Amino acid sequence: MTHARRKRPAKLRLDYELIESLVPEGAKVLDLGCGDGQLLADLIEFKGCEGRGIEIDEAAVLECVKRGLAVYHGDMIEGMECYREGHFDVVILSQTLQQTMDPPHVMREMLRVGRRAIISFPNFGHWGVRLKLLWTGRMPRSPALPHHWYNTPNVHLCTVKDFKEFCGREKLEIVEEIFLTARYRPITGLLANWRAGLAIFQLQRLPQQP
Amino acid sequence: MSIDDVVPISQGSRFGGPNSVGLVQTQFLTFAQPPGELELECGQKLGPITLAYETCGTLSPQRDNAVLILHALSGDAHVAGYHTPGDRKPGWWDLFIGPGKAIDTTKYFVVCANIIGGCKGSTGPSSVNPATGRPFGLGFPMVTISDMVRTQKVLMDRLDIPRWLSMTGGSMGGFQVLEWVVRYPDRVASAIPIATAARLSAQGIAFNEVGRQAIMADPNWRGGGYYEGDAPRAGLAIARMIGHITYLSDEQMHAKFGRRLRDRAGFGYDFKTEFEVESYLKYQGDSFVRRFDANSYLYITKSMDYFDLAAGRGSLVEVFEGVRAEFLVLSISSDWLFPTYQSKEIVKALKANGIPTTFLELQSPYGHDSFFLPNEQMSAMIAGFLENVQRRVREAAAAEGPEP
């Protein structure tokens with residue numbers, strides 16, 4: 001697609017904007033848990049991407065259809081299995097990894113159907129979280145983690161350190177890492193496991209050793 | 001109750017109200033005159049062939065807004081609106097077709113034809129065989145889903161429609177949608193198969209066969225040659241009752257009927273109609289025999305049994321190679337005749353080919369027949385999908401169009 005694109009208006013969510021900046025022009029993109037399709041619609045309109053989504057919520061799928069997106073209503077593992085290897089340039093998982101039942105399986109599938117994966121998640125190692133647990137002795141709650149222990153959808157929370165260690169074990173190369181405060185302000189990687197409220201990683205498989 | 005009690009009051013100039021397509025007329029197209037008969041998939045020839053069809057809305061000057069509706073087993077060409085001001089009910093999918101409805105007839109030109117093999121104006125077993133001057137009966141050749149689609153293609157060409165903007169149908173209508181996009185990939189811009197499958201399941205064949213056996217066991221059936229005497233009403237009614245059970249759901253039957261008795265305080269300890277659910281099925285069976293031909297029921301159910309989109313075409317993934325339509329695939333959560341997994345098989349094969357596909361499992365307790373019932377989610381999905389398809393089709397046409 002080469003037709004002229006409208007300039008994108010400023011974003012309400014900086015993490016969306018940063019994820020968008022990691023996606024190359026014209027890429028084939030799969031957005032897992034795409035919600036109402038805002039990110040996908042922007043990627044299609046402003047970066048000329050070809051986009052697909054997977055979303056479990058019926059009402060959100062309707063919003064996607066109204067935007068003209070092609071979306072699969074159902075489980076993300078099931079929604080990915082029909083795609084051939086490397087079908088997508090980029091597979092996005094925005095703030096949903098911690099809600100999946102089997103994160104390793106999801107990540108392996110992402111990097112099977114996509115050449116690269118962009119994953120963002122709330123950092124459970126953030127100093128505020130640590131302090132709350134330490135001082136109050138109760139499960140930490142914050143704007144990024146608003147639920148109680150008994151109703152949280154977040155079944156697999158992790159810290160930046162956990163995630164990086166996991167990538168090493170899975171032989172995944174971290175191509176890019178971006179950190180934001182709990183209030184979505186960008187920060188450097190210095191002491192990220194203490195300071196970051198949200199982390200965004202771009203990953204790819206390490207080339208196989210011959 | 002007099003007819004006047006149930007006819008909707010005409011509002012403004014349009015009969016049936018502002019959201020109705022109003023009064024419509026059945027039209028007829030006859031083709032395949034001998035010696036140019038159509039060779040059917042079974043190898044036999046059929047001609048002349050008549051298709052009964054109806055249209056609503058207006059074909060755009062660019063001829064790019066036509067939507068084909070494919071009906072299911074017992075449907076007909078009368079998809080929306082009313083034939084006469086005295087009609088008690090509108091067409092079978094009036095809930096979804098009309099000004100401001102899911103398929104908005106102020107934007108789209110809607111076409112619906114009765115299938116061949118049917119009994120609602122198109123050539124079928126109850127039609128007169130020109131060779132004998134008497135109804136075909138079992139002398140009618142076996143027709144398949146692809147035969148139905150090939151005759152609809154003739155209608156499309158006669159209406160001078162270069163490409164369908166979209167087409168939709170539930171159940172067996174969905175079979176036709178799938179056959180269309182595979183058989184004529186350049187002639188379909190988008191498709192909305194609903195509560196359907198790429199092949200009829202063994203369970204589906206089984207229920208069809210019980211229905212056929214009920215008809216053929218009726219002494220009035222007489223090998224299909226009943227047109228000069230009594231029709232096999234009892235057999236056809238039983239077939240319909242069985243069919244109807246498969247279109248509902250356990251949950252809905254429980255909610256609608258429970259174990260309630262009809263017109264009785266206690267059990268009668270006899271075999272009269274006692275439970276409400278019995279009474280309902282009996283009513284469904286009896287009203288069906290007044291409007292449907294038993295031989296058509298045999299032929300159409302057989303065409304469903306034969307349907308397997310991938311047969312002779314490789315795997316389902318290979319079948320969709322070269323398909324250019326974009327898809328909205330809808331299934332129904334409580335549908336056990338065409339369960340969601342069967343829609344997902346279609347979706348997976350489409351996605352494996354990179355075909356833009358949206359899939360949604362509609363949450364509805366009403367079973368297979370949910371797509372005939374009011375459903376805001378379904379209406380909004382179809383409306384949103386069609387709007388975007390039309391926008392893309394027109395953008396693409398503008399981009400490719402000749403320079404002024």
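User: Where is the place of Asp102(A) in chain A?

Analyst: Asp102(A) sits in the loop between β4 (88-94) and α5 (103-113) of chain A. Helices (H or I, at least four residues) and strands (E, at least two) are DSSP runs, numbered from the N terminus. This is a predicted model, where local features need pLDDT of at least 70, side-chain atom pairs count only at pLDDT 80 or more, and totals for chains, interfaces and linings use all residues. Residues are numbered from 1 along each chain as its sequence is written, while chains are lettered from A and ligands numbered from 1 in the order in which they are written.

User: Why does Glu228(B) count as exposed?

Analyst: Glu228(B) has 8 C-beta neighbours inside 10 Å, so it counts as exposed. Glu228(B) is in the loop between α4 (202-217) and α5 (233-247) of chain B.

User: How do you know that the radius of gyration of chain A agrees with a compact globule?

Analyst: The radius of gyration is taken over C-alpha atoms, and the globule rule is 2.2 Å times the number of residues to the power 0.38. For 210 residues a compact globule would be near 17 Å; chain A has 17 Å, so the two agree. The C-alpha trace of chain A spans about 55 × 45 × 30 Å along its principal axes. Chain A has 8 helices and 8 strands. Buried residues are 39% of its 210 residues.

User: What counts as a contact, and how many residues does each chain give to the contact between them?

Analyst: Two residues are in contact if their C-beta atoms, placed from the backbone, lie within 7 Å. Chain A gives 13 residues and chain B gives 18 residues. On the chain A side, α3 (58-66) and β3 (71-73) each supply at least two residues. The largest share, 5 residues, comes from α3(A).

User: How do the residues on the side of chain A that touches chain B divide by class?

Analyst: Ala, Val, Leu, Ile, Met, Phe, Trp, Tyr, Cys and Pro count as nonpolar, Asp, Glu, Lys and Arg as charged, and the others, Gly among them, as polar. That gives 8 nonpolar, 2 polar and 3 charged.

User: Why is α10(B) called largely enclosed by the rest of the structure?

Analyst: Of its 13 residues, 10 are buried, so α10(B) is largely enclosed. Among the buried ones are Ile346(B), Val347(B) and Leu350(B). Their cover includes β3 of chain A, along with β10 (190-194), α9 (316-319), β11 (326-332) and β12 (357-362) of chain B.

User: How do you know that the reach of α10(B) is close to the expected one?

Analyst: The expected span of a helix is 1.5 Å times one less than its number of residues. α10(B), residues 340-352, has 13 residues and reaches 18 Å from first C-alpha to last, close to the 18 Å expected. Gly354(B) follows α10(B) with a positive phi, near 75°.

User: What does α2(B) reach, and what do its buried residues pack against?

Analyst: α2(B), residues 145-158, has 14 residues and reaches 20 Å, close to the 20 Å expected. Its buried residues, including Met148(B) and Val149(B), pack against β2 (38-39), β4 (49-56), β5 (66-69), β6 (109-113), α3 and α8 (294-306) of chain B. Just after α2(B), Asp160(B) has a positive phi of about 60°.

User: Which domains is chain B divided into?

Analyst: Chain B has domain 1 (3-199 + 309-400) and domain 2 (200-306). The bounds come from an automatic or database domain assignment. Their C-alpha centres lie 25 Å apart. The contact between them takes 29 residues from domain 1 and 24 residues from domain 2.

Definitions and conventions:
A residue is buried if 20 or more other C-beta atoms lie within 10 Å of its own, exposed if 12 or fewer, and partly exposed in between; C-beta atoms are placed from the backbone.
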